[in-house]
Amino acid sequence: DDGSALPFLPTPSGSKAERIMQDSIYKPLPKPKRLADNTPNILIVLLDDAGPGLPDTHGGEVHTPTLSRIAKSGISFNRFHTTAICSPTRAALLTGRNHHRIGQGVISALANDWDGYTGMWPATSASLARVLGEYGYATSAYGKWHNTPETDISQAGPFERWPTGRLVGFDYFYGFLTGETSQYEPALVENLNRLPSKHEEGYHLTEDMAEKAIRWMRTQRALAPEKPFLIYWAPGAVHGPHHVAREWADKYKGKFDDGWDAYRQRVFQRQKEMGYLPSEATLTPRADTMPAWDDIPSAEKPFQRRLMEIFAGFCEHTDAQVGKLIDELERQGIRDNTLVFYIWGDNGSSAEGQGGTISEFLAQSGTATTIDDHQRVVEDNGGLADLGGPKYENMYNAGWA
């Protein structure tokens, strides 16, 4: 009963049944109080594929006012370690265990029969949601999951390793189960139900996630204000495809005209000046497999710049949605009693786009195309201004990552 072994045993009955109702004693015992008064709420924000050279909070050139807001009111870590890929980081974060110990040594799409790589979250490893739920927390998760074996994600289940399944234990889930999805037409799941595809003008998944989390928070506060909550908010952003409205991308027009080599050098120097990097640090050389910005054809540069402008706008847009969550905590008067963990990326920026692409799947699948092929399609379908919109599943050049 001291919490050293979970789950807690059921509260025993204080009632006593006799032969007839009039002789029986009805005396329910109060449930044990597992949490202290003013136990804090917890908000965990985990961005996807966002590297440390991006936010202006720490010397980058992408505007991140919400991250700066959190950093100024708390502690920032520049030696915070993740794995190099999505599923292992998420599983380790949600269980407090090494990812191999819980079968998550690789992304769930590549799960196999080797020990440590099965993708099968074991019953012996309770999630943060299950543990806190036992103590009395209300729990919810939003966005990218990526910790259920892909053999188990159809509507036939099994559902035990879904976010609300018995081995994971969130009370509520709204998001997608795989590694990525469109921001405009996402493959969404709510709890155990697959939802119809979205086809709405102006819809964006990250905005939808913020609204859903705020609505859930308000419901919890209205109906069970005595219960603290855990929110795990893990958007598909800023994983590819890079989808954001044009006005967000246009904020960065001209900001990256001198290319990825110059950007890298600028940010590195600024991070040293800020103390984010040690003063004696040296910049690693660009990989031989990556072209220098000065070596790519001039005709290709507008395409490559626009891909980075879109990504930067996507980052700022995502940070703005996190800001809505923080605003809601303040509106409800609970910000000071909420632990906020803002994790800028489950791993570094992703190089999956390789040479820059209008179709991330072509790059991931190794389908042979040229930059000329991609540029020709863009020129024939409205030009660069439509990149980042629903026509494309674009991803920037690995040089930017």
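The model is a predicted one, in which local features need pLDDT of at least 70 and side-chain atom pairs count only at pLDDT 80 or more, while totals for chains, interfaces and linings use all residues. Residues are numbered from 1 along each chain as its sequence is written, and side-chain values use heavy atoms, with hydrogens and water left out.

The structure holds 0 disulfides (pairs of cysteine sulfur atoms within 2.5 Å). A disulfide is a covalent bond between the sulfur atoms of two cysteines. Cys315 has a relative accessible area of 0% and is therefore buried; buried means under 20% relative accessible area, exposed over 50% and partly exposed in between, with a 1.4 Å probe and protein chains only. Cys86, at 7% relative accessibility, also counts as buried.

Cys86 belongs to the buried part of helix H2, together with Ser87, Pro88, Thr89, Arg90, Ala91, Leu94 and Thr95. Helices (H or I, at least four residues) and strands (E, at least two) are DSSP runs, numbered from the N terminus. Because 8 of the 10 residues of H2 (residues 86-95) are buried, this helix is largely enclosed by the rest of the structure. The cover over its buried residues includes strand S1 (41-46), helix H3 (128-135), strand S2 (138-144) and strand S6 (229-234). Gly96, with a positive phi near 75°, follows H2. Ala126, in the loop between H2 and H3, touches Leu94, Thr95 and Val131, not counting residues up to four places away in sequence; contact means heavy atoms within 4.5 Å. With a relative accessible area of 34%, Ala126 is partly exposed.

The largest nonpolar core has 61 residues, and those with the most contacts inside it are Leu43, Tyr142 and Trp233. Such a core is a set of buried Ala, Val, Leu, Ile, Met, Phe, Trp, Tyr and Cys residues joined through side-chain atoms within 4.5 Å. Helix H7 (residues 301-331) supplies the largest share of this core, 12 residues. Apart from it lies another core, of 22 residues, including Ile44, Ala141, Phe170 and Ala234. Leaving out residues up to four places away in sequence, the contacts of Trp233 include Leu43, Tyr142, Met209, Val322 and Leu325. Tyr142 is also touched by Lys212, as are Tyr172 and Tyr174, again not counting residues up to four places away in sequence. Lys212 lies in helix H4 (residues 205-223) and, at 17% relative accessibility, counts as buried. In helix H1 (residues 65-72), the buried residues are Thr66, Leu67, Ser68, Ile70 and Ala71; the buried residues of H1 pack against H7 and strand S7 (338-343).

The second largest pocket holds about 450 Å³ of space. Of the 23 residues that line this pocket, Tyr184, Glu201, Gly202, Tyr203 and Pro390 are the closest to its centre. On a 1 Å grid over the protein atoms alone, a pocket is an open set of points where a 1.4 Å probe fits, with protein on both sides within 12 Å along at least five of seven lines, and lining residues have an atom within 4 Å of a point. Grid points are joined across faces, edges and corners, and the volume is the space filled by probe spheres set on the points. Helix H5 (residues 246-250) gives the largest share of the lining, 3 residues. By class, the lining has 8 nonpolar, 6 polar and 9 charged residues.

Several backbone features fall in loops. The peptide bond from Gly157 to Pro158 is cis, with omega near 0°, and Pro158 is found in the loop between S2 and strand S3 (172-176). A cis bond, with omega near -5°, also runs from Gly240 to Pro241, the latter in the loop between S6 and H5. Pro241 is among the contacts of Glu393, neighbours within four places in sequence being left aside. Glu393 is placed in the loop between helix H9 (371-380) and strand S9 (395-397) and, at 33% relative accessibility, counts as partly exposed. Although not a glycine, Asp49 has a positive phi of about 55°; Asp49 is in the loop between S1 and H1 and counts as buried at 5% relative accessibility. His146, likewise not a glycine, has a positive phi of about 65° and lies in the loop between S2 and S3. Most residues other than glycine have a negative phi, and most peptide bonds are trans.

How values were computed: Nonpolar A, V, L, I, M, F, W, Y, C, P; charged D, E, K, R; others polar.
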